[in-house]
Amino acid sequence: MDRRSFALGTLGLAASLASPRPTLAQSPAYRGPNVILVRFGGGVRRAETIDEAATWAPYLRHTLAPRGTFIPDLRIDKLEGVNTSHAEGTLNLLTGRYLAYRDAGEFLTDRLEPTEPTIFEYLRRAYNLASHEVLLINGEDRPQEEFFTFGAGDHFGIDFRSEMLSLHRYKLYRTREQLAESGLTDEARLALEEERTRLLTIDPRGTTPEPSPEVEAFWARWRQRFGDDGLRNPRGDRLLTELATRAMAELKPRFMMVNYQDPDYVHWGNPSHYTRAIAVIDEGLQRLVSMADADPFYRDNTIFVITPDCGRDANPLANVPFQHHFNSRSAHEVWALIFGPGIGKGVLDNPVDQSAIAPTIAAAMGFAATRAEGRAIDGAFL
Ligand SMILES: [Zn+2]
């Protein structure tokens, strides 16, 4: 696509966004707190995260937990067909239900898309918020998580999607821009076209819809800062922290989910990858919270919800320890921490179900997650 047709495409999108859509036009402005949902992800056990003595996340456990409602016994229900895994757990968090997903395409495996409304969709249906004010920050090598921004089926859908920031999205932006620039050698053009085709193949939704103008501008600044070679930007979960903090500064999201993931590299067998990755997320939390504490847009007006997607197995005899696909008890045992304005301080001793997270966020933001199975955690609110 050349610059002109891209510009027209953008205008077309702008025009379609401006055209009357009763639900958005009539919905009120959002005046509630910002919510930042941090998926302490890639599957983590309580033992290495919230155990007071053994934690690899000391900032989370010792500094953040006393700031709010700490739920040491969040559980993933043992229902028939429930997998303790990343996409599944993330969609449980976003929909407030179990099993609310399906394969995203007939040629794909392990690509789930929600079949029930997500927090993104509920929120944008209830309030007049632009797509870039509702953000999903995704990891680099998880194109299977590019499908969470809106769901399939007859619920709210694409009009109420979130915007997504990920290195995959940036590469789609960059290859499109580079191909539109003059002075490319034939060889460079061919390489770029191949790269772009590869990107579009692993993510069949591709560029539909194109990012909003605000997100285009975000990527333009990112490109200016980190360039085209992919060597200058942080990698792994540090990249997610960079995307999230830049998004907070530049896009001012009212709801943002950050999908940390790197503890999952333990699938390859090295336990230190797991504990090191937990420490990196803990450092990321420190940056996110410090930024929120310092910026007037977020300070005293932002609720953090921090919770894993799933736990991990605890079988010390397994060839490769720390898996999470065997339906073991510790893979169902997670936790949550919620802090911010309106949230009480203390430890909730009773078990809480993972399906309570979405309705709790809904209650904090003032909408109803009508299709959620769980109920808001009463004890979390002042
Ligand atoms: Zn995994």
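## Packing and burial in a predicted model

Leaving aside neighbours within four places in sequence, Val 266 is in contact with Pro 271, His 273, Tyr 274 and Phe 322; two residues are in contact if their C-beta atoms, placed from the backbone, lie within 7 Å. The model is predicted, so local features need pLDDT of at least 70 and side-chain atom pairs count only at pLDDT 80 or more, while totals for chains, interfaces and linings use all residues. Residues are numbered from 1 along each chain as its sequence is written.

Val 266 sits in the loop between β7 (255-259) and α11. Helices (H or I, at least four residues) and strands (E, at least two) are DSSP runs, numbered from the N terminus. Val 266 counts as buried, with 25 C-beta neighbours inside 10 Å. A residue is buried if 20 or more other C-beta atoms lie within 10 Å of its own, exposed if 12 or fewer, and partly exposed in between, with C-beta atoms placed from the backbone. The C-alpha atoms of Val 266 and Val 320 are 8.5 Å apart, and the two residues are 54 apart in sequence.

The chain has 13 helices and eleven strands. Of its 382 residues, 46% count as buried. Among contacts in the chain with a separation of 6 or more, 72% are between residues 24 or more positions apart.

The largest nonpolar core has 94 residues, and those with the most contacts inside it are Leu 123, Ile 137, Val 305 and Ile 361. Such a core is a set of buried Ala, Val, Leu, Ile, Met, Phe, Trp, Tyr and Cys residues joined through C-beta atoms within 7 Å. Helix α11 gives the largest share of this core, eight residues. In soluble globular proteins, nonpolar side chains tend to be buried together. Not counting residues up to four places away in sequence, Val 305 touches Val 35, Leu 37, Ala 336, Ile 338, Ile 357 and Ile 361.

Helix α13 (residues 357-365) is largely enclosed by the rest of the structure, because eight of its nine residues are buried. The buried residues are Ile 357, Ala 358, Pro 359, Thr 360, Ile 361, Ala 362, Ala 364 and Met 365. They pack against β1 (34-39), α5 (86-95), α6 (119-126), β8 (302-307) and β9 (333-339). Just after α13, Gly 366 takes a positive phi of about 85°.

Two helix pairs are described next. Axes are lines fitted to C-alpha atoms, for helices over the stretch in contact, and angles run from 0 to 180 degrees between N-to-C directions. Helix α10 (residues 236-250) and helix α11 (residues 271-294) pack with their axes 9 Å apart, at an angle of about 10°. The two are therefore roughly parallel to each other, a term for angles under 35 degrees. On the α10 side the contact is made by Asp 237, Arg 238, Leu 240, Thr 241, Ala 244, Thr 245 and Met 248, and on the α11 side by Ala 277, Val 280, Ile 281, Gly 284, Arg 287, Leu 288 and Met 291. By class, the residues of this contact are eight nonpolar, three polar and three charged. Here Ala, Val, Leu, Ile, Met, Phe, Trp, Tyr, Cys and Pro count as nonpolar, Asp, Glu, Lys and Arg as charged, and the others, Gly among them, as polar.

The axes of α7 (residues 167-180) and α8 (residues 186-202) come within 10 Å and cross at roughly 145°. His 168, Lys 171, Leu 172, Thr 175, Gln 178 and Leu 179 of α7 meet Arg 189, Leu 192, Glu 193, Glu 195, Arg 196 and Leu 199 of α8. This contact has four nonpolar, three polar and five charged residues. Ala 191 is also found in α8. The C-alpha atoms of Ala 191 and Thr 175 are separated by 9.9 Å, and the residues are 16 apart along the chain.

Most residues other than glycine have a negative phi. Asp 300, which is not a glycine, has a positive phi of about 60° and is found in the loop between α11 and β8. Asn 327, likewise a residue other than glycine, has a positive phi near 60° and lies in the loop between β8 and α12 (329-332).

| Residue | Other C-beta atoms within 10 Å | Class |
|---|---|---|
| Ala 191 | 14 | partly exposed |
| Asp 300 | 10 | exposed |
| Asn 327 | 13 | partly exposed |

Notes
Parallel < 35°, antiparallel > 145°, perpendicular 65-115°, else oblique.
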